Amino acid sequence: MSFQSFGFIEPINQAIVKNNYLTPTPIQQKAIPHILNHKDVLASAQTGTGKTAAFCLPLLNLIGQSRPGHHQKSLSPDVLILAPTRELANQIEKEVIQFSRYMRVNTLAITGGVSYNLQNRLLKNHLHFVIATPGRLMDLMRQNKIQLKHIKAMVIDEADRMLDMGFMPDIKKIYEATSNNQQMMMFTATLTPNIEKIAQNFLKNPVRVAAENKIEAHKNIKQYLYSVKNYEHKKQVLDEILKDEELNQAIVFTSTKRDADKLSRDLFTINHPSKALHGDLSQRQRTQIIDRFKDNKLKILVATDIAARGIDVKEVTHVINFDLPRKAEDYIHRIGRTGRAEKLGKAFSLVNTSDRPMIRKIEQYAKISMEFLTMKNDEPEKDFRSEPFKKSFKKKFSVKKKSNSFGSRRRNSASFPA
Ligand code: AMP
């Protein structure tokens, strides 16, 4: 199946070519024809499957084909896309802008942290696409800066995450402000009974589509475990992973904002400059850090789960779970930051025996069995002093204790050592 077979208008086909997309992904193949047919769609697809283009492309097509209506000067956009985080909203905005490069389409992301002035100014033009986080959109609705009576289509992206973050009451209010006649789409990484129930509030006779399962989506990501004793040990293992010659860019995940700050500082002292990314930073700081990371001016990002979705940087070769996430599905989202656009990626989790239940959950959820790697301290020198290791190690540290040495990796069985 080719993109041509969807029958998109020419400017969109050109943008697809310009973007180097050759064939539609499974979720695109399944969802696009229905969205073009004005059907409501309930899609289970996680990030990394091409879900964003699966709704952006047909919606752009619908906008491109529709004649300007009488409400063109009204405060109501044509398409409303709701996303749980600023990062994801910005990512979707970028994608819409990319694919509408040969069209006249006004797009605006309405998220917390962006100046009200700028948003107000932009809201004076007729907007075709608004991509919003629920909180800020509600603010603007209360101030009568935006109306939703005339929207033609609405997307609730990452509905499961929205639910987790407590956004559902806001989304209901937002939906109530629409005419309820618009085409509705809901995308979710996991289709739980709860999400099914919520979907009934928003979708009318939805067509259901699903991306290939998660393993398929992450086949190009090699996943490993490291057994670690304590913080110091974790740092040493991390240091070794970060010295991997195949590493281009890496995201290291910690559980808390404080841990991210601390680890980022600690990494600096062992010659791995990084930045911490978490929800305590201002939007400007967050954007700055993400932009530097995207431009490959920053190699290592130490982040909380705020970065687990939405960040789409093709050069990320390594994801390291310095701490395991609290949910198996967050693990899937985190590791999905690597292996973007069919590239190869590696994911490492630094774990100890107390993580055993979570590892089991992840393995069951993702239907995988992760390989255990151990850094062995006590092997004879010749075994762990491979050339690249020896060089970088000697250059950066004056070796005091042999127990600091990590180098030879021994592969164990997939079971957890006692
Ligand atoms: P998403 O699941 O929307 O986060 O997309 C994951 C990544 O796949 C993004 O980098 C997209 O640019 C890329 N992508 C989406 N659709 C295609 C396609 N048909 N061919 C190649 N890359 C794609």
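Which residues in H3 meet which residues in H4?

Author: The model is a predicted one, and what follows should be read accordingly. On the side of H3, the residues that meet H4 are Lys51, Thr52, Ala53, Phe55, Cys56, Leu57 and Leu60. Their counterparts in H4 are Leu88, Ile92, Glu95, Val96 and Phe99. By class, this contact of H3 with H4 comprises 9 nonpolar residues, 1 polar residue and 2 charged residues.

The geometry of the pair can be stated briefly. H3 spans residues 51-65, and its axis lies 10 Å from that of H4, the two packing at an angle of about 45 degrees. The helices H3 and H4 are therefore oblique to each other. The crossing in which H3 passes H4 is right-handed.

Gly50 places a polar backbone atom 2.7 Å from an oxygen atom of the ligand. For Asp312, a polar side-chain atom lies 2.7 Å from a ligand oxygen atom.

H4 has a further partner. Helix H4, residues 86-99, and helix H13, residues 283-294, have axes that come within 12 Å and cross at roughly 55 degrees. H4 and H13 are therefore oblique to each other, and their crossing is right-handed. From H4, the contact is made by Arg86, Glu87, Asn90, Gln91 and Lys94; from H13, by Gln283, Arg286, Ile290, Asp291 and Lys294. The residues of the contact of H4 with H13 divide by class into 6 charged, 3 polar and 1 nonpolar.

H14 (residues 328-335) and H15 (residues 356-366) cross at roughly 70 degrees, their axes coming within 8 Å. H14 and H15 are therefore roughly perpendicular to each other, and H14 passes H15 in a right-handed crossing. In this contact, H14 contributes Ala328, Glu329, Tyr331 and Ile332, while H15 contributes Met358, Lys361, Ile362, Tyr365 and Ala366. The contact of H14 with H15 has 7 nonpolar residues, 2 charged residues and no polar residues.

Conventions:
Residues numbered from 1 in each chain as written. Predicted model: local features only at pLDDT ≥ 70, side-chain atom pairs only at ≥ 80, totals over all residues. Heavy atoms only, no water. Axes fitted to C-alpha atoms, helices over the stretch in contact; angles between N-to-C directions. Helix = DSSP H or I, 4+ residues; strand = E, 2+ residues; numbered from the N terminus. Parallel < 35°, antiparallel > 145°, perpendicular 65-115°, else oblique. Left-handed = near helix turned anticlockwise from the far one by under 90°. Contact = heavy atoms within 4.5 Å. Nonpolar A, V, L, I, M, F, W, Y, C, P; charged D, E, K, R; others polar. Polar contact = N/O pair within 3.5 Å; in protein donor to acceptor, adjacent residues only side chain to side chain.
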